[in-house]
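Hi,

Here is the structure I said I would pass on to you.

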Amino acid sequence: MAGHDYEYFKKEIYTLTKIDLNAYKENQMKRRIDALIAKNKIVGYDNFVKAIKVDKKLFEVFVNYLTINVSEFYRNPDQWVVLDKDIIPYLIGKFGKNLKIWSAACSTGDEPYSLVMALSEHLPLNNIKIIATDIDKQVIEKAKVGLYNEKSIAAVPEKMKKKYFTKVGASYRISDEIKSRVEFKESNLLKDPYPTACHLIVCRNVLIYFTEEAKDDVFRKFQKSLSRGGILFIGSTEQIMNYKEMGYGRKNSFFYIAE
């Protein structure tokens with residue numbers, strides 16, 4: 001498939017979805033898209049664009065395909081221990097009990113739900129409210145359903161499992177009292193406005209798929225979204241090289257503070 005066709009394809013996809021494929025690493029993304037096109041026995045980007053314009057199901061599959069979903073509660077548990085023992089008490093001490101928390105690129109809900117459970121050790125549930133955003137409508141729908149497999153919830157502390165999950169067949173359903181603390185919204189980190197005056201922003205293992213420019217842009221916008229003294233919690237695969245220049249201090253490897 002010729003390169004100029006892919007340029008056309010990126011423009012068409014942006015018009016249709018407002019997803020900017022230029023922000024993704026081209027070779028990686030092109031391989032994924034070419035594989036999807038071939039799997040659907042379609043020849044050429046232009047024909048694929050025509051197909052997703054008329055076939056709603058294929059359109060949904062395509063958007064879902066663009067989104068990297070790694071579903072896991074309490075991912076990298078040692079970092080959640082730091083959050084529990086150090087970060088949450090610091091935030092409550094500094095900002096009080098009504099914390100404004102944003103789970104950015106929340107995927108299938110495991111992260112915001114993990115956050116509610118972690119916060120529930122420190123605050124009454126009715127004090128907890130998380131804004132959770134993702135670009136993909138399908139994963140938000142999955143998150144609202146709140147059904148997870150055993151592997152997804154493997155790292156959830158045992159008492160939380162007992163308290164907040166119900167076994168349904170081979171799956172586990174998260175309780176409504178946890179679900180009700182999270183407000184899900186569709187949002188694109190590369191183009192939509194960010195929430196303001198946040199006390200904690202969690203965005204983990206998502207930006208690794210972005211180009212350096214797009215990544216920098218998002219980290220800068222996060223800094224502006226945080227209240228002074230607010231915390232950004234990033235993934236174990238990520239680091240902010242020029243964090244000082246962006247207005248962050250470093251609490252430890254995965255937690256940055258807005259200065």
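Predicted model: local features only at pLDDT ≥ 70, side-chain atom pairs only at ≥ 80, totals over all residues.

Residues are numbered from 1 along each chain as its sequence is written, and side-chain values use heavy atoms, with hydrogens and water left out.

Let's begin with helix H5, which covers residues 77-95. (Helices are DSSP runs of H or I with at least four residues, strands are runs of E with at least two, and both are numbered from the N terminus.) Gln79 sits in this helix, and its relative accessible area of 5% makes it buried. (Buried means under 20%, exposed over 50%, and partly exposed in between, using a 1.4 Å probe and protein chains only.) Not counting residues up to four places away in sequence, Gln79 touches Arg204, Phe233, Ile234, Ser236, Phe254 and Phe255; a contact is heavy atoms within 4.5 Å.

Leaving aside neighbours within four places in sequence, Ile92 contacts Leu99, His122 and Leu123.

Now for the partner, helix H6 (residues 110-120). The axes of H5 and H6 come within 11 Å and cross at roughly 50 degrees. (Axes are lines fitted to C-alpha atoms, for helices over the stretch in contact, and angles run from 0 to 180 degrees between N-to-C directions.) The two helices are therefore oblique to each other; under 35 degrees would be roughly parallel, over 145 roughly antiparallel, 65 to 115 roughly perpendicular, and the rest is oblique. On the H5 side, Trp80, Leu83, Asp84 and Ile88 meet Glu111, Ser114, Leu115, Ala118 and Leu119 of H6. Eleven of the eleven residues of H6 are buried, so this helix is largely enclosed by the rest of the structure.

Finally, the sheet. Three strands make an open, antiparallel sheet in the order S3-S5-S4. (Strands pair if DSSP finds at least two bridges between them.) S3 (147-148) and S4 (165-168) are at the edges with a single partner strand each, so one side of each has no neighbour in the sheet. Four antiparallel bridges join S4 to S5 (residues 171-174), and Lys167 has Tyr172 in S5 as its bridge partner.

Cheers
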